[in-house]
Amino acid sequence: MQMNKKEIWRLVFVLFLGQLVSFSLAVTSFIASYIAYLGIDTPLTQSFCTYLALSLVYGSIFLCRRSKLVVPWYWYLALGFVDVQGNYLVVKAYQFSSITSVTLLDCWTIPWVMILTWFAIKTRYSPWQFVGAAICVIGLALVLLSDSKSSSGDGNKPLLGDALVIAGTFFYAMSNVGEEFCVKRKNLFEVLTMLGVFGALVSVCEISIVERKTLESIQWSPSVIALYIGYGAAGLSFYTLLPFILKMSGSALFNLSLLTSDLWAVVIRICIYHEQVSWLYYLAYSVVAIGLIIYSFNDTGSAAETIIDDEEIANLQEPLSPENAVTYVS
């Protein structure tokens, strides 16, 4: 069926949003890896910058609307806790593993969420989606094989970094399922605000225990401060744009956009860190790409369920669909 002019422009806009999401994720990955490259180990503080930005931006809107909570605060506390742990583990991984390995291993979120949603909210997947997820896991296993053969890169313990990423994606998966519970037929402003507020509170508590001495030992300079501000801004952009891309196009385009961010990671590793990327990584990338394409284009969500109209865009009130939530990566 031939698309009219409005549909063509809508497709162009969705593709543009997908690349903005991809670029935001690539920027956070680069800044996290560069901070680790400088010898600074503060994953909780970096995540705190993102949560603070979320709470300030969306909290202001939420307060101006004088809205009341429609989800009990303790659910948001739990959501903030698991989201902080996921971010901590993944950002911590940059201390040990390469940016290319960390960004590609983020795809572990898909099988984790499939397992959790299967048991928690009774989501059912097609056989081809299981095939796609299995192919992704095979590709990710190649990343582990590549890292097991080399102790060089952005860190000296790549397998430890890989393990941290895989553990982090499990917390991301729990965060995704929890966010789906909170977002369903609720106010998106409330979810982003409370995620920022409780994420910041949990981060501060853990920073006082884990990173206080590290923060005191850092030689703060304008460039270092700019890195933390940039990380927070990129994280804010990612959290803001993600609901749009999921609602307007579904998980298929989001998954494919993540592949673009993985390519950015390759460029960063070669051009910024002047390191070679193993041929096994390119093989793993190809296998994961095939798995994601099979998974995405057999998504059970219909196109009709992912269309967002102009009023919804203006109000940011609509929830993510269960089918779309399964591929969300913080």
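Axes here are lines fitted to C-alpha atoms, for helices over the stretch in contact, and angles run from 0 to 180 degrees between N-to-C directions. Helices (H or I, at least four residues) and strands (E, at least two) are DSSP runs numbered from the N terminus.

I note at the start that this is a predicted model, in which local features need pLDDT of at least 70 and side-chain atom pairs count only at pLDDT 80 or more, while totals for chains, interfaces and linings use all residues. Residues are numbered from 1 along each chain as its sequence is written, and side-chain values use heavy atoms, with hydrogens and water left out.

**Entry 1, H2 and H8.** I looked up helix H2 (residues 43-64) against helix H8 (residues 188-210), and found that they pack at an angle of about 145 degrees with their axes 7 Å apart. Their crossing is left-handed, a word used if the near helix is turned anticlockwise from the far one by less than a right angle, with right-handed for clockwise. I sorted the residues of this contact into 16 nonpolar, 7 polar and 2 charged, where Ala, Val, Leu, Ile, Met, Phe, Trp, Tyr, Cys and Pro count as nonpolar, Asp, Glu, Lys and Arg as charged, and the others, Gly among them, as polar.

I then turned to helix H3 (residues 73-93), whose axis comes within 8 Å of that of H8 and crosses it at roughly 60 degrees. H3 and H8 are therefore oblique to each other, given that angles under 35 degrees count as roughly parallel, over 145 as roughly antiparallel, 65 to 115 as roughly perpendicular and the rest as oblique. This crossing is right-handed. The contact (heavy atoms within 4.5 Å) includes Trp73, Tyr76 and Asp83 of H3, and Met194, Leu195 and Phe198 are among the residues on the H8 side. Its residues divide into 13 nonpolar, 4 polar and 3 charged.

The crossing is right-handed. Pro43, Leu44, Gln46, Ser47 and Tyr51 in H2 meet Asp83, Val84, Asn87, Tyr88, Val91 and Lys92 in H3, a set made up of 6 nonpolar, 3 polar and 2 charged residues.

Met194 sits in H8 and, at 9% relative accessibility, counts as buried, where buried means under 20% relative accessible area, exposed over 50% and partly exposed in between (1.4 Å probe, protein chains only). Leaving aside neighbours within four places in sequence, I find Met194 in contact with Leu69, Tyr76 and Gly199. The C-alpha atoms of Met194 and Tyr51 are separated by 9.4 Å, although the two residues lie 143 apart along the chain.

Ala78, in H3, is partly exposed with a relative accessible area of 39%, and its C-alpha atom is separated by 9.6 Å from that of Leu195, 117 residues apart along the chain.

Ser175 lies in helix H7 (residues 158-183) and is buried at 0% relative accessibility. Its side chain makes a polar contact with the side chain of Asp83 (2.9 Å); such a contact is a pair of N or O atoms within 3.5 Å, and within protein one must be able to donate a hydrogen and the other to accept it, with residues adjacent in sequence counting only if both atoms are side-chain atoms.

I count 14 helices and 0 strands in the protein chain, and buried residues make up 54% of its 330 residues.
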